[in-house]
Amino acid sequence: MTYQPWTYRPPEGSPVGQRGLRRNDGLSKASGAALYTKDIKVGGMLYAKMLMSPYAHAIITNLDTTAAAALPGVVDILRWDDPDIAGQRSARLSDGNQKWLCLAGRTDHYNHQVGVAVVAKSEELCDRALRLLNVTWNQQTFYIADEDALAPGATPILTEVSPAPVNNVLNTTINTWGDVEAGFLASDRIIEFTYFRGDNLSACVEPASVVAEWRGEYLDMWVRQQNPTLIQQELALDMGIPIAKMDIRVTHQGGAFGGINWLPHYRQLAKIAAVLAKRVKQPVKLIFDEAKFQCANDDVGTYNIKIGVKNDGTIMAVSSDAIAMRCPLGKLRNGSKIPNIYQKSVWAANNRSHRQMFRHGTVETNGNQEVYSHVAGELGLDPTDVALLNDGFEGQDWAAMTAYQIANGFEQRQSLAEVLDVGKTAFGWAERWHLPGTRPLANGKMHGVGFNTTIKWSNGQAQKNVAMTVRDGKVQLLARTSDMGHDSPGNYARVVAAEMGMLYQDVTARTERDNGSFDYSAPGGSSGLVNTICNLVEVARDAKQQILALAVKDRTGGPFFPGKTVEELDIKDSMVFEIANPLNTKTVKEICNAFSVGGITQSPVFAHGTAPLVTIAKKYQCKHAAFVEVEVDTELGDIDVTKVTIVDDEGCVINPDACNGQQYGGVHMGVAKSRDEERVYDPQTGVWLNSDLIWYPVWTSLDCGPIDCHLIETHGGNTAYGCFGTGENTSALTSAITGDAFYNATGVRLDDFPTTPIRVLKALGKI
Amino acid sequence: MSEEEKKVPKTLSRREFLRDVGVAVSGTAVGSAFFLTASGKEVGAANAVTAVAPASAASSIALLGKPQPPPAPSAGVVSLTVNGKTYECAVENNTVLRDVLRDQIGLTSIKDMCTGYGACGSCAVIMNGRPILSCLALANECGGTVIETAEGMAKNNHPLIEAYIQNHCMQCGYCTPGLIVTAKALLDHIPHPTEAQIKEAISGNICRCGTYPAHVSAVLQVSTI
């Protein structure tokens, strides 16, 4: 029988979907007891920092460390050409085959950590030692603008990457579905435009650091990582450290959001820290203060879009030709009936910074935004109607999705229709939407509304071992995961408690430790629980059966439920009970303790494994949508965001409080990216001018009006209960939304993001 | 661009500057009127933020709002009463309070988000009843002060701790201790703040996860007790 975990439903009254349950991490975070890598202190620990390049692109031609080494308190200096680190590289995620030197003798961008790592007794001594270095730099040609790097005759850059880019092209991606030329021919109108997306940053709140300690041949590390297995894997494969002799501990993480945690620099840091700790024979904390400003968005670029559309709004073809890291139309492909799509993106080498999946998905949600907005504008249509008209999947209309749902046991729901129904009602769309540029306000500003919708992601299944025991009445999840702010331990506890019939507070998960590398999530962010939930459900059911088997098992004094079979029993509120006689109960605690060997510490229950593999092709059934209201000051260029409504079809809501929090926070960040956030470079030197929290405009409590969050459940995910991940989705969804709202307010297109006052005034022809 | 060999110009670090000129910078924040202004006056939501470096060390102590003994003339040992316990801490002229609290006393609630720029509020503590940014306070000018942190609030079962948990005021949690201290300072001064006052008060604390409305709910919940 085909495995169909989306047909599972959590038991009635279970913690799944329940509001008001206490966060597992609430007290530790409110009181400051929660530890982050920056807080870790190990006995005898030294500190390490690296040289930060003052140039966008330069080679170190001479490095004199004499004065630095002579500074009292400096313990070690590791140069890039030291055999202990020379040639060590780290792969980047999704960058093809390219690998980057962990410690290089040349810099790719301003503030790149290069050349040398200093180990000293304090952070301040590290800083002083770095200033005593006598460094001779040979400045090289640098390119901030991708177009300059790709121009004929451009100087090759990033040549130390392996394999090196050819003609300053790191990668080219091309996807073709259908026949766009035929689609354009079949269209009534052709719409062509270009949109731009500037640099913005993760601006993660916690400075990156990693702690490494060798105990003989065993390596302990404390990392700030969404996916600690990647570090383990690289240390094992590249440095020959046996996995069984590594204990990678994942602390809480400050403002991770993917991105920084995938950053190749982090894996490079881990390797350097391991080397340093081995050399000095003491624990080392390697600190990289500026890391939060080095992880930039993966949607920066110039996107040339062509759309073929019928007069009723049916989109026949879309093509994109971009200079960008990624292509923008993938989610349009997965979530619409548009039959013909072509996309090509050329990823240019540049000297801006590394970029990696920060609030990933933005490039494609921007693509959705721009396509629907331009089609609606061209035809004078409501963009929500355009989106619904083109709803479908992989070039097929929704009827095909309905057939897929019927064939595979899904509920027959059209997610987008339900999302729009809830969202438009909550937002007041009918009263607020109007034709572009037709609603001036009494305060002299122009009223506008914006909209975007895409598929939800992620709902993939990860084949990960899950393990749990029951000790002294508590289910203990043996896990390592990373805390991305969703209260992962609490969410896992909800699912396990639901499946086992245990009280939520009787399921514990201390997730920071390796525990033999049971990784509950890969990655640990928005998709972590979703990736793992099938495994949690199946293993929890196994654990429950083990408890019930103990309840009828013979023992000294007789079984707890004499004459009964497992099928006659169940568990509720951490009590085993007889189904036919619910007053006949025994606690899980007393049953398990009775079979615990040598006291209460040895669990008689040990359940582990993975779920069966989901074999049907994954389809993106669940959608989400955002609606924003703005007031545009056409004299000053300000766009005031006065209201936002977000609706997410989560498939199945595990933790509604956390989901709402992720929605709000995601929208807060996304709209900020749309309107304000950008990194500014000095074009003459390639220096970043706003790489700190004073000048980089992270939104505060005063920067946005109300954000109204709604959740619906259609159980359309290819996982247990049909759930989807959240958080990253909402940030990406709203990261270009002020552009659409500005157009509705003024009738003028602004396809240059972020929509800062200068860009607004330029679009209006005021400057 | 022509190839040139250059040496990196030596620059004065911020700490070297502070050490050499012996100037104490009072706690100010970008974006919030609630953190202490140089005037030392009671701060309300309508007040504008000013960032002023006081003319002398003595006047900087006076800015903390209550009469203080003269500061120690040089580096040495400062006495700090933190969460009800007194510590004698060895400091240098350029040691900031944040580092003493974290590194010597071991209080991990005091975070370092903006690397000492005074931009984020994550290092906020309450000193002599006023919220300050500990990354901008020189430790040797804080001698004899009474300091409260999130750890102390938890130890004393301050109702904000439970309200924060109930209202899900945390996601990654990195900003949470700084925010809860700011919230306490607000309630200490304005026991029944409006929503606007709360938002203004916490606007000097950056939360990248966007938990702001939860903090408003938590403060309102406590303010009605």
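At what angle do helix H6 (residues 176–189) of chain B and helix H8 (residues 212–223) of chain B pack, and how far apart are their axes?

**View 1. Two packed helices of chain B in the predicted model.** In this predicted model, helix H6 (residues 176–189) of chain B packs against helix H8 (residues 212–223) of chain B at an angle of about 40 degrees, and their axes are 11 Å apart. The crossing of H6(B) and H8(B) is right-handed. On the side of H6(B), the contact is made by Leu179(B), Ala183(B), Leu186(B) and Leu187(B), while H8(B) contributes His215(B), Val219(B), Val222(B) and Ser223(B). Sorted by class, the residues in this contact of H6(B) with H8(B) comprise six nonpolar and two polar ones, with no charged residues.

**View 2. Chain B as a whole.** Chain B has eight helices and six strands, and from the N terminus on, its elements run β-α-α-β-β-α-β-β-β-α-α-α-α-α. Of the 225 residues in chain B, 56% are buried. Among the contacts in chain B with a separation of 6 or more, 61% are between residues 24 or more positions apart.

**View 3. An open sheet of four strands in chain A.** The strands of this open sheet of chain A follow the order S20-S28-S29-S30, and their pairing is mixed. Strand S20 (446–455) and strand S30 (707–712) of chain A are the edge strands, each of them pairing on one side only. From one strand to the next, the twist averages 10 degrees. Helix H17 (residues 656–675) of chain A packs on the sheet, where H17 touches S29 and S30 of chain A, and the direction of the helix makes about 130 degrees with that of S30(A). Within the sheet, strand S28 (residues 623–632) and strand S29 (residues 639–649) of chain A run antiparallel and are joined by nine bridges; in this pairing, Glu631(A) stands opposite Asp640(A) in S29(A).

**View 4. Gly651(A), in the loop between S29 and H17 of chain A.** Gly651(A) is buried, because its relative accessible area is 0%, which lies under the 20% limit for a buried residue. Leaving aside residues up to four places away in sequence, Gly651(A) touches Cys622(A), Ile712(A), Glu713(A), Thr714(A), His715(A), Gly716(A), Tyr721(A), Gly722(A) and Cys723(A). Asp638(A), by contrast, is 13 residues from Gly651(A) in sequence, and the two C-alpha atoms are 37 Å apart in space.

**View 5. Strand S12 of chain A and the two strands that pair with it.** Strand S12 (residues 218–223) of chain A has five of its six residues buried, so it is largely enclosed by the rest of the structure. Strand S11 (residues 208–215) of chain A pairs with S12(A) in the antiparallel sense over five bridges, and Glu213(A) stands opposite Asp220(A) in S12(A). Two residues lie between the strands in the hairpin of S11(A) and S12(A), where Gly216(A) takes a positive phi near 65 degrees. With strand S13 (residues 246–250) of chain A, S12(A) pairs in the parallel sense, again over five bridges, and here Leu219(A) is placed opposite Met246(A) in S13(A).

**View 6. Helix H6 of chain A and the glycine just after it.** The buried residues of H6(A) are Pro228(A), Thr229(A), Leu230(A), Ile231(A), Gln232(A), Glu234(A), Leu235(A) and Ala236(A). Just after H6(A) comes Gly240(A), which takes a positive phi of about 70 degrees.

**View 7. Strands S24, S25 and S26 of chain A.** Strand S24 (residues 569–572) and strand S25 (residues 575–578) of chain A pair in the antiparallel sense over four bridges, with Ile571(A) opposite Val576(A) in S25(A). The hairpin of S24(A) and S25(A) has two residues between the strands, and in this hairpin Asp573(A) takes a positive phi near 55 degrees. S25(A) also pairs with strand S26 (residues 581–587) of chain A, in the antiparallel sense and over four bridges, and Thr587(A) in S26(A) is the bridge partner of Met575(A). S25(A) and S26(A) likewise form a hairpin, with two residues between them.

Methods
Residues are numbered from 1 along each chain as its sequence is written. Chains are lettered from A and ligands numbered from 1 in the order in which they are written. This is a predicted model: local features need pLDDT of at least 70, side-chain atom pairs count only at pLDDT 80 or more; totals for chains, interfaces and linings use all residues. Side-chain values use heavy atoms; hydrogens and water are left out. Two strands pair if DSSP finds at least two bridges between them. Axes are lines fitted to C-alpha atoms, for helices over the stretch in contact, and angles run from 0 to 180 degrees between N-to-C directions. Contact means heavy atoms within 4.5 Å. Buried means under 20% relative accessible area, exposed over 50%, partly exposed in between (1.4 Å probe, protein chains only). The expected span of a helix is 1.5 Å times one less than its number of residues. A crossing is left-handed if the near helix is turned anticlockwise from the far one by less than a right angle, and right-handed if clockwise. Ala, Val, Leu, Ile, Met, Phe, Trp, Tyr, Cys and Pro count as nonpolar, Asp, Glu, Lys and Arg as charged, and the others, Gly among them, as polar.
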